[in-house]
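Here is a friendly briefing to read alongside the model.

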Amino acid sequence: MSLPNIGMLVIVLHDIHGITPFIKDTCERIQSTGADVLCPDLYTLVNPFAYNRGDNPHTFFLNNIGFEQPKVRILELIHPLRSQYQHIVVLGFSVGATIAWRCSSEPLIDGVVGYYGSRIRNYMHSQPKCPVLLLFALNEPAFEPLTIQKPLEAMSEHIETRWYDAAHGFANSAGDSYCPESADAAWEEVMFFLKKIKNREVSLPTNSVIATCST
């Protein structure tokens, strides 16, 4: 007789800067809740020579890593782990959030969390099959975030969005855009979401702009 799968696994997907101290700290915070954590290096996962990248990691990521191969590799990682866990959640930051969003259409995953995944706007055709929590910064240099709010929320009952009066990267305490009010509010949302997934419930509060950075 096979053993039942137990517990939760959270797969953390980093931004273009790789597995930084902030990402490591995030993994430790999640692990402290009792979940197992896996944080793959998207660069070496897709391209073993990626650490020879130039001065512009954003351009390098888009040109050499992209959003398709990481999705394939992450699903390959998840597949043999599926039978070991009751719940598998993918949580990503920036480009990692877009990859997580793309994974949400796969039945292997029980939940997706995405922090300021601005490139999600290029993958609005994805149809999530699991609960999704998207945490957006309202101050994005590349596009107007609220233009995708209604399309996202109308797309599926699985999708919940949160909108923060802060800049891209607001959760990273080591970054120039760090906003502690928004970071703390977003973290509470993430913890609430993970608890609901663990309890097999997905009802979340009403969408709203939650926090404004003090000046």
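Let's begin in a loop: Tyr116 sits between β4 (111-115) and β5 (132-139), where helices (H or I, at least four residues) and strands (E, at least two) are DSSP runs numbered from the N terminus. This is a predicted model, in which local features need pLDDT of at least 70, side-chain atom pairs count only at pLDDT 80 or more, and totals for chains, interfaces and linings use all residues. Residues are numbered from 1 along each chain as its sequence is written, and side-chain values use heavy atoms, with hydrogens and water left out.

**Backbone angles**
- Tyr116 is not a glycine, yet its phi is positive at about 35°.
- At 3% relative accessibility, Tyr116 is buried; buried means under 20% relative accessible area, exposed over 50%, and partly exposed in between (1.4 Å probe, protein chains only).
- Ser94, also a residue other than glycine, has a positive phi near 55°.
- The loop between β3 (87-93) and α5 holds Ser94, which is buried at 13% relative accessibility.
- For background, most residues other than glycine have a negative phi.

**Overall fold**
- The protein chain has seven helices and seven strands, in the order β-α-β-α-α-α-β-α-β-β-α-β-α-β along the sequence.
- Of the 215 residues in the protein chain, 52% are buried.
- Taking contacts (heavy atoms within 4.5 Å) between residues at least 6 apart in sequence, 64% join residues at least 24 apart.

**Nonpolar cores**
- A nonpolar core is a set of buried Ala, Val, Leu, Ile, Met, Phe, Trp, Tyr and Cys residues joined through side-chain atoms within 4.5 Å.
- The largest such core has 38 residues, and Trp101 and Ile109 have the most contacts inside it.
- Helix α5 (residues 95-103) supplies the largest share of this core, with five residues.
- A pocket is found on a 1 Å grid over the protein atoms alone: it is an open set of points where a 1.4 Å probe fits, with protein on both sides within 12 Å along at least five of seven lines, and lining residues have an atom within 4 Å of a point.
- The largest pocket holds about 460 Å³ of space, a volume being the space filled by probe spheres set on points joined across faces, edges and corners.
- Of its 21 lining residues, the closest to the centre of the largest pocket are Ile16, His17, His58, Ser94 and His168.
- That lining has seven nonpolar, nine polar and five charged residues; Ala, Val, Leu, Ile, Met, Phe, Trp, Tyr, Cys and Pro count as nonpolar, Asp, Glu, Lys and Arg as charged, and the others, Gly among them, as polar.
- The second largest pocket holds about 160 Å³, and its lining includes Gly7, Met8, Thr33 and Lys198.
- Helix α7 (residues 180-198) gives the most to the lining of the second largest pocket, with four residues.

**Cysteines and Lys24**
- The structure holds zero disulfides, a disulfide being a pair of cysteine sulfur atoms within 2.5 Å.
- The sulfur of Cys27 has its closest cysteine sulfur in Cys39, and at 4.0 Å this is too far for a bond.
- Cys27 is buried, with a relative accessible area of 11%, while Cys39 is partly exposed at 21%.
- Lys24 belongs to helix α1 (residues 21-31) and is partly exposed at 49% relative accessibility.
- Lys24 and Cys39 are 15 residues apart along the chain, with 8.4 Å between their C-alpha atoms.
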